[in-house]
Amino acid sequence: MKQVTLQNLEPLDFRTQEAYKTLRGNIGFCGADIKTIAITSTAPNEGKTNVALHLAISMAEAGYRVCFIDADLRKSVIVGKYRVGQVKVGLTNFLSGQERWEECVCETEYENLQCVFAGPVPPNPSELVGGALFYDKVNALKEEYDYVIIDTPPLGSVIDGAIIAAVCDGGVIVVESDRLSYRHVRKTKEQMERSGCRVLGAVLNKVDVRKDSYYGKYYGNYYGNYYGKEEK
(Lines give C-alpha, C1' and ligand atoms only; values in the text may rest on other atoms or scores of the structure.)
Protein backbone atom coordinates (compact mmCIF):
# COMPACT_ATOMS: atom_id res chain seq x y z
CA MET A 1 0.00 0.00 0.00
CA LYS A 2 1.32 3.44 -0.97
CA GLN A 3 2.32 5.88 1.78
CA VAL A 4 1.44 9.56 1.28
CA THR A 5 1.94 12.67 3.39
CA LEU A 6 -0.81 15.29 3.50
CA GLN A 7 1.14 18.51 3.14
CA ASN A 8 -0.05 22.13 3.29
CA LEU A 9 -2.53 21.31 6.04
CA GLU A 10 -3.07 24.54 7.94
CA PRO A 11 -2.62 24.18 11.71
CA LEU A 12 -5.97 24.48 13.45
CA ASP A 13 -6.45 26.95 16.28
CA PHE A 14 -8.17 25.90 19.49
CA ARG A 15 -11.63 27.04 18.42
CA THR A 16 -11.46 25.13 15.13
CA GLN A 17 -10.17 21.98 16.81
CA GLU A 18 -13.07 22.11 19.25
CA ALA A 19 -15.50 22.65 16.37
CA TYR A 20 -14.31 19.47 14.63
CA LYS A 21 -14.53 17.53 17.88
CA THR A 22 -18.10 18.77 18.26
CA LEU A 23 -18.91 17.76 14.68
CA ARG A 24 -17.36 14.35 15.27
CA GLY A 25 -19.36 13.91 18.46
CA ASN A 26 -22.63 15.02 16.89
CA ILE A 27 -22.19 12.51 14.07
CA GLY A 28 -21.57 9.81 16.64
CA PHE A 29 -24.87 10.67 18.34
CA CYS A 30 -26.70 10.20 15.02
CA GLY A 31 -26.53 6.46 15.58
CA ALA A 32 -24.33 3.43 15.10
CA ASP A 33 -25.84 2.81 11.66
CA ILE A 34 -24.31 6.03 10.29
CA LYS A 35 -20.99 4.86 8.87
CA THR A 36 -20.80 6.22 5.32
CA ILE A 37 -21.09 10.02 5.19
CA ALA A 38 -21.28 12.29 2.16
CA ILE A 39 -19.87 15.80 2.62
CA THR A 40 -21.21 18.27 0.08
CA SER A 41 -22.02 21.94 -0.48
CA THR A 42 -24.23 24.06 -2.68
CA ALA A 43 -21.54 25.90 -4.64
CA PRO A 44 -17.83 25.42 -5.33
CA ASN A 45 -15.21 26.86 -2.95
CA GLU A 46 -17.33 26.72 0.20
CA GLY A 47 -14.63 24.60 1.86
CA LYS A 48 -16.30 21.19 1.81
CA THR A 49 -13.10 19.29 0.96
CA ASN A 50 -11.23 20.94 3.80
CA VAL A 51 -14.07 20.15 6.21
CA ALA A 52 -14.31 16.55 5.00
CA LEU A 53 -10.59 15.93 5.33
CA HIS A 54 -10.26 17.51 8.77
CA LEU A 55 -13.31 15.60 9.98
CA ALA A 56 -11.70 12.36 8.80
CA ILE A 57 -8.45 13.29 10.58
CA SER A 58 -10.34 14.17 13.76
CA MET A 59 -12.12 10.82 13.72
CA ALA A 60 -8.86 8.97 13.12
CA GLU A 61 -7.21 10.82 16.00
CA ALA A 62 -10.07 9.68 18.23
CA GLY A 63 -9.16 6.08 17.44
CA TYR A 64 -11.71 5.32 14.73
CA ARG A 65 -10.59 3.52 11.59
CA VAL A 66 -11.44 5.90 8.76
CA CYS A 67 -11.39 5.86 4.97
CA PHE A 68 -11.50 9.23 3.19
CA ILE A 69 -12.69 9.04 -0.43
CA ASP A 70 -12.23 11.93 -2.84
CA ALA A 71 -15.26 11.43 -5.10
CA ASP A 72 -15.22 14.87 -6.70
CA LEU A 73 -14.24 13.31 -10.01
CA ARG A 74 -14.86 16.33 -12.24
CA LYS A 75 -12.80 18.93 -10.41
CA SER A 76 -10.78 17.39 -7.62
CA VAL A 77 -8.21 19.72 -6.10
CA ILE A 78 -7.07 17.66 -3.15
CA VAL A 79 -3.96 16.05 -4.69
CA GLY A 80 -2.62 19.41 -5.84
CA LYS A 81 -3.69 21.36 -2.76
CA TYR A 82 -2.23 18.98 -0.22
CA ARG A 83 0.72 17.88 -2.38
CA VAL A 84 0.40 14.19 -1.72
CA GLY A 85 3.18 13.24 -4.09
CA GLN A 86 3.09 10.96 -7.10
CA VAL A 87 -0.44 9.58 -6.74
CA LYS A 88 -1.16 8.22 -10.20
CA VAL A 89 -4.19 6.03 -9.60
CA GLY A 90 -7.41 6.62 -7.75
CA LEU A 91 -11.16 6.08 -7.62
CA THR A 92 -11.71 6.50 -11.37
CA ASN A 93 -9.13 3.80 -12.12
CA PHE A 94 -10.97 1.38 -9.85
CA LEU A 95 -14.46 2.22 -11.08
CA SER A 96 -13.39 1.87 -14.71
CA GLY A 97 -11.87 -1.54 -14.02
CA GLN A 98 -8.27 -0.49 -14.65
CA GLU A 99 -6.95 -1.09 -11.12
CA ARG A 100 -7.75 -3.20 -8.08
CA TRP A 101 -9.06 -1.34 -5.01
CA GLU A 102 -5.93 -2.21 -3.06
CA GLU A 103 -3.81 -0.31 -5.60
CA CYS A 104 -5.85 2.84 -5.07
CA VAL A 105 -5.79 3.02 -1.26
CA CYS A 106 -3.07 5.12 0.38
CA GLU A 107 -1.80 5.10 3.94
CA THR A 108 -1.33 8.56 5.50
CA GLU A 109 0.82 9.87 8.31
CA TYR A 110 -2.26 9.74 10.53
CA GLU A 111 -2.75 6.41 12.24
CA ASN A 112 -6.11 4.84 11.34
CA LEU A 113 -6.62 7.11 8.30
CA GLN A 114 -6.47 5.82 4.73
CA CYS A 115 -7.31 7.82 1.61
CA VAL A 116 -8.51 7.10 -1.90
CA PHE A 117 -7.97 10.03 -4.25
CA ALA A 118 -10.08 10.84 -7.30
CA GLY A 119 -7.66 9.77 -10.01
CA PRO A 120 -7.67 10.97 -13.65
CA VAL A 121 -10.71 13.00 -14.77
CA PRO A 122 -13.08 10.61 -16.60
CA PRO A 123 -15.45 11.42 -19.47
CA ASN A 124 -18.39 9.82 -17.61
CA PRO A 125 -18.22 10.65 -13.87
CA SER A 126 -21.97 10.32 -13.24
CA GLU A 127 -22.03 6.84 -14.76
CA LEU A 128 -19.03 5.72 -12.70
CA VAL A 129 -20.40 6.78 -9.30
CA GLY A 130 -23.87 5.60 -10.30
CA GLY A 131 -22.73 2.10 -11.13
CA ALA A 132 -23.08 -1.08 -9.12
CA LEU A 133 -19.33 -1.28 -8.49
CA PHE A 134 -19.31 1.98 -6.52
CA TYR A 135 -22.46 1.02 -4.61
CA ASP A 136 -21.09 -2.40 -3.67
CA LYS A 137 -17.68 -1.03 -2.64
CA VAL A 138 -19.10 1.70 -0.38
CA ASN A 139 -21.29 -0.85 1.38
CA ALA A 140 -18.41 -3.32 1.69
CA LEU A 141 -16.23 -0.66 3.34
CA LYS A 142 -18.63 -0.58 6.30
CA GLU A 143 -17.20 -3.91 7.36
CA GLU A 144 -13.61 -2.66 7.22
CA TYR A 145 -13.87 0.87 8.65
CA ASP A 146 -15.71 2.63 11.44
CA TYR A 147 -16.40 5.61 9.18
CA VAL A 148 -16.16 6.31 5.45
CA ILE A 149 -16.03 10.04 4.68
CA ILE A 150 -16.83 10.84 1.04
CA ASP A 151 -16.08 14.26 -0.44
CA THR A 152 -18.64 14.86 -3.21
CA PRO A 153 -19.10 17.54 -5.88
CA PRO A 154 -21.34 20.50 -4.94
CA LEU A 155 -24.99 19.52 -5.19
CA GLY A 156 -25.89 22.85 -6.75
CA SER A 157 -23.54 22.26 -9.69
CA VAL A 158 -23.84 18.66 -10.93
CA ILE A 159 -25.93 15.57 -10.23
CA ASP A 160 -22.94 13.48 -9.07
CA GLY A 161 -23.29 14.61 -5.46
CA ALA A 162 -26.89 13.38 -5.22
CA ILE A 163 -25.95 10.05 -6.81
CA ILE A 164 -23.18 9.55 -4.26
CA ALA A 165 -25.38 10.70 -1.37
CA ALA A 166 -27.94 8.06 -2.30
CA VAL A 167 -25.36 5.38 -1.46
CA CYS A 168 -24.47 6.87 1.94
CA ASP A 169 -26.03 6.49 5.37
CA GLY A 170 -26.05 10.25 5.92
CA GLY A 171 -24.90 13.57 4.56
CA VAL A 172 -23.53 16.88 5.84
CA ILE A 173 -23.93 20.17 3.96
CA VAL A 174 -21.11 22.71 4.23
CA VAL A 175 -22.36 26.30 4.00
CA GLU A 176 -20.03 29.26 3.63
CA SER A 177 -21.00 32.11 5.93
CA ASP A 178 -22.49 35.23 4.29
CA ARG A 179 -22.31 33.82 0.76
CA LEU A 180 -25.48 31.99 -0.24
CA SER A 181 -29.15 32.65 0.33
CA TYR A 182 -31.31 30.43 2.50
CA ARG A 183 -33.28 29.47 -0.62
CA HIS A 184 -30.24 28.00 -2.38
CA VAL A 185 -29.16 25.99 0.66
CA ARG A 186 -32.70 24.72 1.17
CA LYS A 187 -32.72 23.42 -2.42
CA THR A 188 -29.51 21.52 -1.71
CA LYS A 189 -31.07 19.98 1.41
CA GLU A 190 -34.18 19.00 -0.52
CA GLN A 191 -32.14 17.46 -3.33
CA MET A 192 -30.16 15.37 -0.84
CA GLU A 193 -33.38 14.22 0.80
CA ARG A 194 -34.88 13.27 -2.59
CA SER A 195 -31.88 11.02 -3.15
CA GLY A 196 -32.87 9.10 -0.04
CA CYS A 197 -29.92 10.30 2.00
CA ARG A 198 -30.53 11.31 5.60
CA VAL A 199 -29.38 14.89 6.18
CA LEU A 200 -27.40 14.84 9.41
CA GLY A 201 -26.94 18.60 9.55
CA ALA A 202 -24.95 21.52 8.23
CA VAL A 203 -21.55 23.05 8.93
CA LEU A 204 -21.32 26.85 8.86
CA ASN A 205 -17.88 27.43 7.40
CA LYS A 206 -15.53 30.41 7.07
CA VAL A 207 -17.11 32.38 9.91
CA ASP A 208 -15.11 35.49 10.78
CA VAL A 209 -15.41 35.46 14.57
CA ARG A 210 -13.68 38.84 14.75
CA LYS A 211 -16.43 40.33 12.60
CA ASP A 212 -19.42 38.37 13.83
CA SER A 213 -20.40 39.69 17.25
CA TYR A 214 -22.40 36.57 18.22
CA TYR A 215 -19.69 34.00 17.48
CA GLY A 216 -16.91 36.25 18.71
CA LYS A 217 -18.59 36.89 22.04
CA TYR A 218 -19.78 33.33 22.52
CA TYR A 219 -16.48 31.59 21.81
CA GLY A 220 -14.38 34.32 23.33
CA ASN A 221 -16.32 34.53 26.56
CA TYR A 222 -17.07 30.83 26.96
CA TYR A 223 -13.65 29.39 26.17
CA GLY A 224 -11.79 32.36 27.58
CA ASN A 225 -13.58 32.11 30.91
CA TYR A 226 -13.58 28.33 31.06
CA TYR A 227 -10.00 27.66 30.08
CA GLY A 228 -8.49 30.94 31.18
CA LYS A 229 -8.98 30.34 34.88
CA GLU A 230 -6.10 28.82 36.78
CA GLU A 231 -6.82 26.01 39.15
CA LYS A 232 -6.18 26.84 42.77
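Q: Where does asparagine 45 lie?

A: Helices and strands here are DSSP runs numbered from the N terminus, with at least four residues of H or I for a helix and at least two of E for a strand. Asparagine 45 falls in the loop between strand 2 (36-41) and helix 2. A heads-up: this is a predicted model, in which local features need pLDDT of at least 70 and side-chain atom pairs count only at pLDDT 80 or more, while totals for chains, interfaces and linings use all residues. Residues are numbered from 1 along each chain as its sequence is written, and side-chain values use heavy atoms, leaving out hydrogens and water.

Q: Is asparagine 45 buried or exposed?

A: Buried means under 20% relative accessible area, exposed means over 50%, and partly exposed is in between (1.4 Å probe, protein chains only). Asparagine 45 has 62% relative accessibility, so it counts as exposed. Its phi is positive, about 70°, although it is not a glycine.

Q: What is phi near for asparagine 112, and where is that residue?

A: Asparagine 112 has a phi near 80°, again a positive value in a residue other than glycine. You'll find asparagine 112 in the loop between strand 4 (105-107) and strand 5 (113-116). With 26% relative accessibility, asparagine 112 counts as partly exposed.

Q: How do I check the span of helix 2?

A: Take 1.5 Å times one less than the number of residues, and you have the expected span of a helix. Helix 2 (residues 48-61) has 14 residues, so it should span 20 Å, and its end C-alpha atoms are 20 Å apart, which agrees.

Q: How many residues of helix 2 are buried?

A: Twelve of its 14 residues are buried, so helix 2 is mostly covered. Among them are Lys48, Val51, Leu55 and Met59. After helix 2 comes glycine 63, with a positive phi near 100°.

Q: Which residues of helix 1 are buried?

A: Here's the general idea: an α-helix has 3.6 residues a turn, so residues three or four places apart point the same way. In helix 1, the buried residues include Glu18, Tyr20, Leu23 and Ile27.

Q: How many salt bridges are there?

A: A salt bridge is a side-chain nitrogen of Lys or Arg within 4 Å of a carboxyl oxygen of Asp or Glu. A search of the whole structure finds ten.

Q: Which residues are linked with Lys48 in a network?

A: Lys48, Asp72 and Asp151 form a network of salt bridges. Between aspartate 72 and lysine 48, the closest N and O atoms are 3.3 Å apart. Aspartate 72 sits in the loop between strand 3 and helix 3 (78-82) and lysine 48 in helix 2, so this pair ties together parts 24 residues apart in sequence. For lysine 48 and aspartate 151, the closest N and O atoms are 2.9 Å apart. Aspartate 151 is in strand 6 (residues 147-151) and lysine 48 in helix 2, so that pair ties together parts 103 residues apart in sequence. Lysine 48 is buried, with a relative accessible area of 6%, and aspartate 72 is buried at 9%.

Q: How far apart are the closest N and O atoms of aspartate 169 and lysine 142?

A: They are 2.9 Å apart, and the two residues form a salt bridge. Aspartate 169 is in the loop between helix 8 (160-165) and strand 7 (170-176), and lysine 142 is in the loop between helix 7 (132-141) and strand 6, so the pair ties together parts 27 residues apart in sequence. Both of these residues are buried.

Q: What does aspartate 70 touch?

A: Contact means heavy atoms within 4.5 Å. Leaving aside residues up to four places away in sequence, aspartate 70 touches Ser76, Ile78, Leu91, Val116, Phe117, Ala118 and Asp151. Aspartate 70 lies in strand 3 (residues 66-70). It is buried yet has no salt bridge, and the nearest side chain of opposite charge, lysine 48, is 6.3 Å away. (Lys and Arg count as positive, Asp and Glu as negative; His and the chain ends are not counted.)

Q: How many disulfides are there?

A: A disulfide is a pair of cysteine sulfur atoms within 2.5 Å, and by this rule the count is zero. The sulfur of cysteine 115 is 7.3 Å from the closest cysteine sulfur, in cysteine 67, which is too far for a bond. Cysteine 115 counts as buried because its relative accessibility is 0%, and cysteine 30 counts as buried at 18%.
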